[in-house]
Amino acid sequence: MILPRRTFLTNLQLSIVIFGIALSPVWAQAGEHKPASAWMNTALSPDERAALVVKEMTLDEKISLLHGTGMKGLGPMSPLSVKSNGGAGYVVPIPRLGIPAIQMSDAAYGVRMSGENGRYSTALPDNLAGAASWDLDAAYEYGALIARELRAQGYNMSLGGGVNLAREPRNGRTFEYMGEDPFLAGKMVGQVMKGEQEQHVIGDIKHYAMNDQESGRNAVNVNIDKRSMRESDLLAFEIGLRESNAAAVMCAYNRVNGDYACENKYLLTDVLKKDWNFKGFVLSDWQGTHSTAKASAAGLDHEEPAEIFYADAMKKAVEAGQVPVSEIDDHVHRILRSMFAAGVIDDPPVKSVVDVQGGFEVAQKIEEQSIVLLRNEHSLLPLDASNAGSIAVIGAHADVGMISGGGSAQVDPPGGNAIMPPGKGNTTWQAHIWFPTSPLKAIRASAPHAKVQYDPGTDPASAAALARKADIAIVFAHQWESEGMDLDSLSLPERQDDLIARVAAANPHTVVVLETGSPVTMPWADHVSTILEAWYGGSRGAEALARVIFGEVNPSAKLPITFPKTEADLPHPSIVKPPRASTTNDEPDAWKKIAAGLPAFQITYDEGLKVGYKWYDAEHKEVLFPFGYGLSYTTYNYSDFKVSSGKTVRLSFKVTNTGNRAGAEIAEVYAALPESAGEPPKRLVGWSKVKLDAGESKEVAIEVDPEYLSIFNVDRDAWQLVPGDYTFLVGGSSQNLPLKESVNLK
Ligand code: BGC
């Protein structure tokens, strides 16, 4: 990867800042007349620079780059980790050679662990929400904001970039991923990574691969055929890496077709490094390493967070001839070239004050583009702020905050958990954390003349009584989820279905606002006027929501994941749970058992290629809300479809805003492959977000690379375009595609 050439090297000739301490440049330490280390020459490529460093390194120095130094709560910590910046991972520097430490932090929807480190981070809307914007610029901004805050807090590597496909929507990490379609997820995560790396932070895509449920994640063996894996799950990673050149890939906890992902030669070497030509490095998920020689030969470059297999054990293995030095050199080269390529050696982070206001603005803007309008009978929304009458706000702690996603993605809210007394209730593992962004306050601020009253919703009868007296009832419902757990079901927890049904029965003008990390079922859907999916809205969720409710923002987001009618319609109606022997149940030192390897249990993805909408399409199952679906306060019309083919397929069509309000329509393009390809009915192959004033029309042109029309031919181990008739379908959701044209491709 070649990032834009940097021009700040002259500053570097004055000093290199490592750990916030200004050190003299290495060449100055070595003597007045010595020229700068050859690898500090930015005219050389990252590979050339890395090769020059590797030549100078001792075996001990090389091995020091191949592992972390411990992590709080996952001891033991190396004494060297005193210099850690407080994040999840710390790799020691090599001052003799001017190589800085790698300071890694989790950063899925914002920088983690800011609370215990006495810092502040912005919470963006969750990753699934970001995907709902289908907005590549917003995705870039998402990554750039995270990277700016990482750098301000002293980190040079991010551990975000979750892009596992939502095969299992009850997965407790669904909110950390980008939905069910590899094309959408790959393009979006690619922009997030690009945004991070262009601020000179090492980007990392995770969890490679097939880590689609949390139950038994350290033991499960996922059985999947190669074609399904290449065309679905792995394709999301492939596109993400291609679009961004992300420098790191985190291999997953689980096994895939028999081998742990972090010692899986097919995944790490055959596909990632050879077929995709990935130049960066692979690091293990935290205690996802299980061997030394096997993992190294399979392509694992770096162990996190501890030093069990890749420190002393690695040195011994090298000395015993079990791991060739050339393999070590390749691991080290990959790590160093990634540091040069991402710019963290030439432009190390300097701690500074996080731009809180700037973060709010970005978080709000992205949430405004991510809230999906799922239903709006009789155009109940937008409300007229100057004439809103009385509004009952009900449920989900909407008086104080909005829920966020837990686990290693958790961002710490300023002031602590909003539902606790100020300063109390810091984030702890799997605590349900509400961010201090109050829908009640935001609604009152937007409609100062309205009578806005709140009921906590804990007693449905009292909530219904308040709703009955009001002109409009806005009922909030939440579904919390986190790493380390899966949802028991897709039903709203805590009897919120009952609450909504009672409120809807009391007031015909009921708006439901969902704060969920996964799809939910909605037995009350036909009885409410309006449904908004706000996801985990981030630091400014309430303000964004109020602007949607009162029409300052016209919703434009579309679902990146199908909302099924019932769990019975999922490819796997129940989650496969691990047997007792394959779990650790939070025992002390559980990680030691995990490192040694827990007995495998099996999941078989027999739905194969039919992930998400492809499953419902193929199985003719009616859904609650389809993939790609989302309403607006205006309406759009599609016309004038033309398709022509050459090296790529070129499509053009017209989108017209037929309503009386400006908006942005996400126009989606799907392709149905020839029958002989043996594919699900259709796949997403392109989209465009079209901004249109009331009454305005625009011509949209989309080029489809034949690669995205291909299938993976396992016998040839290659992508193949199957000759035949391809039908292109265009419209505003996967189930509303008014334009249709076929073309023959050879
Ligand atoms: C998670 C990773 C995370 C790591 C470090 C693991 O438990 O699966 O996503 O980056 O911890 O916190």
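Predicted model: local features only at pLDDT ≥ 70, side-chain atom pairs only at ≥ 80, totals over all residues.
**Helix packing and aromatic pairs**

Helix 15 and helix 18 pack with their axes 8 Å apart and at an angle of about 45°. An angle between 35 and 65 degrees falls in none of the parallel, antiparallel or perpendicular classes, so helix 15 and helix 18 are oblique to each other. Their crossing is right-handed. On the helix 15 side, the contact is made by P439, A442, I443 and S446, which meet A542, E543, A546 and I549 of helix 18. Sorted by class, that contact of helix 15 with helix 18 comes to six nonpolar residues, one polar and one charged.

Helix 18 itself, spanning residues 541-549, is mostly covered, with seven of its nine residues buried. Those buried residues are G541, A542, A544, L545, A546, V548 and I549. Helix 15 (439-446) is one of the elements covering them, and the cover also includes helix 14 (356-368), strand 14 (402-403), strand 17, strand 18 and strand 19 (530-533). After helix 18 comes G551, which has a positive phi, near 80°.

Strands 17 and 18 turn up again around helix 17. In this helix (residues 496-506), the buried residues are Q496, D497, L499, I500, V503, A504 and A506. What covers them includes strand 17 (472-479) and strand 18 (510-516), along with strand 13 (390-394) and helix 16 (460-469).

Another helix pair involves helix 3 (residues 46-56) and helix 13 (residues 325-342), whose axes come within 8 Å and cross at roughly 130°. Helix 3 and helix 13 are therefore oblique to each other. Helix 3 passes helix 13 in a right-handed crossing. From helix 3, the residues P46, D47, R49, A50, A51, V53 and V54 take part, and they meet D329, V332, H333, L336, R337, F340 and A341 of helix 13. By class, the contact of helix 3 with helix 13 holds nine nonpolar, one polar and four charged residues.

Turning to the aromatic side chains, the model has a count of 15 aromatic pairs. In one of these, the ring centres of Y613 and Y670 sit 5.9 Å apart with their planes at 85°, so the pair is edge-to-face. Y613 lies in helix 20 (residues 613-618) and Y670 in strand 25 (residues 663-672), so to speak a link between distant parts of the chain, 57 residues apart. Both Y613 and Y670 are buried. F712 and W719 also form an edge-to-face pair, with 5.5 Å from centre to centre and 80° between the planes. The two partners have their own burial classes: F712 counts as buried because its relative accessibility is 1%, whereas W719, at 25%, counts as partly exposed.

Conventions:
Residues numbered from 1 in each chain as written. Heavy atoms only, no water. Axes fitted to C-alpha atoms, helices over the stretch in contact; angles between N-to-C directions. Helix = DSSP H or I, 4+ residues; strand = E, 2+ residues; numbered from the N terminus. Parallel < 35°, antiparallel > 145°, perpendicular 65-115°, else oblique. Left-handed = near helix turned anticlockwise from the far one by under 90°. Contact = heavy atoms within 4.5 Å. Nonpolar A, V, L, I, M, F, W, Y, C, P; charged D, E, K, R; others polar. Phe/Tyr/Trp six-rings, centres within 6.5 Å; stacked < 30°, edge-to-face > 60°. Buried < 20%, exposed > 50% of the residue type's maximum accessible area, 1.4 Å probe, protein only.
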